[in-house]
Amino acid sequence: MSAPSMSISLARQIRKLRKKLRQIENLERLGRQLSEEERLKIGKKSQFREKLQEYLAQVSDDDDVGKFDSFNSPPESSLGSDDWSTFTETEAEITGITDPTNSDQEDIAMETDPEVKPSPEKENPPKKQEPPVVKHTSEKTALKKKKWDVQDPIHSLRKKWKSSFCFISEYPDHSDIVNDLVVDGRILVTASRDTTLKVWDLEEGRQLRNLGGHTGSVTTVFLLSEQASQKSGYLAGKPLHHRLVISGSTDCSFKIWNIATGAILNSVYTYNPITRLVCNQKGLIVTGSDGGKMEIWDMETGENLHSVIAFEGAVTAMKIADNHIYSTSSTGLLKVFQIRDNCLACMYESENLRSVSGSLVTPRFIRSLAVFKQMVFYGDDAINIKLLEWKRGIVKKIPNHTDEFASTDAICCFEDLLIASSYDLDNGLGYINIRSLPHGDYLATLDDEDTERIICLGCARTKSGNLVLVTGGLQLKVWEIDAVHSPSQEEEEEEDENFLHFISRLNRPGRDSDVESDSDLSDSDLDPGMDDDVNEDEDLSSKKEEEKSSWLSYCAIL
């Protein structure tokens with residue numbers, strides 16, 4: 001067999017194994033008890049991953065490794081390595097941040113390459129010979145290079161991130177997955193599938209309260225501001241440091257807590273498992289359920305004020321900003337509501353979304369949501385973060401993964417930063433990508449190569465000004481970014497490496513994801529003993545329906 005055909009065969013096997021792993025993870029997300037057959041399939045996960053690593057090791061030694069670039073990108077430039085060492089002042093030209101014309105690039109090549117010679121003159125030369133422009137163009141380019149480091153704020157931000165240092169600590173107190181978390185200053189509240197909430201002091205790194213009372217998985221948590229907490233009748237006469245937190249659960253209830261005392265102030269039965277909730281400044285709670293229902297509740301009385309079936313699938317994310325409620329579903333739909341006369345009025349629905357290029361955006365399971373001014377960022381089961389200008393109905397795609405089989409499970413906007421989780425399906429590990437707002441320019445990646453899948457995150461600032469990122473999932477970790485501190489020799493010896501990286505693939509324009517379904521595998525294709533030539537595109541409609549009805553990562557199995 002020739003080398004090219006062997007490479008194509010190897011690429012196909014890698015793709016099939018990634019699809020198998022992706023389907024297994026979809027089974028793990030189902031919000032129901034799994035059958036014995038499904039459990040057996042999940043039991044093969046490690047076997048598939050080991051085989052995938054063997055194939056990937058062969059690819060790394062292949063001369064045609066570029067064929068396996070999931071972004072179908074052109075050959076790597078000098079920024080091809082995933083580190084900071086090759087980041088230079090000319091990066092704007094290499095990655096396309098500035099937009100030099102093709103003629104400029106050709107002229108630069110003529111100047112720097114002595115082998116390039118001008119084409120021979122034609123038989124009928126032009127009447128007027130134009131003077132060479134190489135010198136003039138190269139001078140302009142040189143000027144751009146000189147001004148690049150001084151004037152470009154993104155380059156300055158990258159240099160700042162490059163010189164920063166990251167400290168990581170892990171809070172192991174939860175006995176199951178952390179489904180959601182919220183951070184405000186030094187207060188951290190986490191909600192877990194172990195049926196509890198926990199309150200933490202980030203400054204001291206210790207647990208303050210263990211809030212027990214739910215009988216099902218706690219899926220969502222919302223921390224009221226100090227002002228909103230004090231306006232509520234629940235805290236009448238209480239000290240100013242008392243705060244209210246609201247939690248929702250699969251036990252079909254939401255509860256209101258005083259986190260200073262740990263007391264349950266109210267518990268409301270909702271008749272539907274709650275997946276997400278938010279609360280406005282007027283004390284109106286909006287809940288979303290696994291059946292797509294959204295409801296408004298009076299926080300003081302617990303009265304149901306309004307109910308509407310907003311989606312065909314589960315409500316997967318919900319944010320409140322500028323009197324608008326942004327919500328998403330497992331069917332890939334996004335809606336924007338306003339509360340008018342205690343009712344939800346739909347202002348926008350994301351049907352038939354188009355990208356900047358004019359192509360239709362494929363709706364996929366939306367897993368995360370963030371809002372910055374009038375822009376909506378959401379993450380789904382694709383390689384890109386979607387930036388939606390909902391008043392125009394236009395989507396810009398921002399790369400968030402280095403492989404096409406990926407999900408953005410967590411995303412948030414904090415100050416002038418867009419922070420999103422990413423997941424490496426090949427090794428089962430998660431990491432964090434940092435971008436600047438409002439345009440989403442890539443700055444850095446946080447990766448300790450020891451963090452499992454991240455499904456929720458939040459951000460805060462310490463008193464000293466350090467940025468703190470909190471990530472939840474199978475692990476609860478705190479990442480503190482110190483932009484001033486220089487690690488001592490002992491600290492450097494303790495840390496094998498700094499956890500801040502630059503991944504050049506994430507510094508490119510977004511590209512379309514694979515249009516094939518993640519579930520396009522037959523049962524036989526999940527069996528490693530079956531023929532490798534089995535049809536990859538066999539439809540599993542029942543599996544697709546189950547996937548649409550699921551809403552929570554790792555909902556059934558650890």
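**A hairpin, then a sheet**

Modeller: Start with the hairpin of strand 10 and strand 11: four residues lie between the strands, and Gly283 has a positive phi near 80°. Strands (E, at least two residues) and helices (H or I, at least four) are DSSP runs, numbered from the N terminus.

Modeller: A caution: this is a predicted model, so local features need pLDDT of at least 70, side-chain atom pairs count only at pLDDT 80 or more, and totals for chains, interfaces and linings use all residues. Residues are numbered from 1 along each chain as its sequence is written, and side-chain values use heavy atoms, leaving out hydrogens and water.

Colleague: How many bridges pair strand 10 and strand 11?

Modeller: Five, in the antiparallel sense. Two strands pair if DSSP finds at least two bridges between them. Arg276 stands opposite Gly288 in strand 11.

Colleague: Is strand 10 mostly covered or open?

Modeller: Mostly covered: six of its six residues are buried. Buried means under 20% relative accessible area, with a 1.4 Å probe and protein chains only.

Colleague: New topic. What is the order of the open sheet of five strands?

Modeller: The order is 23-24-25-26-30, with antiparallel pairing. Strand 23 (411-414) and strand 30 (500-501) are the edges, each pairing on one side only.

Colleague: Which residue is the bridge partner of Phe414?

Modeller: Leu417, in strand 24. Strand 23 and strand 24 (residues 417-424) share four antiparallel bridges.

Colleague: And the whole protein: how many helices and strands?

Modeller: There are 10 helices and 30 strands. Of the 558 residues, 52% are buried.

Terms used
Buried means under 20% relative accessible area, exposed over 50%, partly exposed in between (1.4 Å probe, protein chains only).
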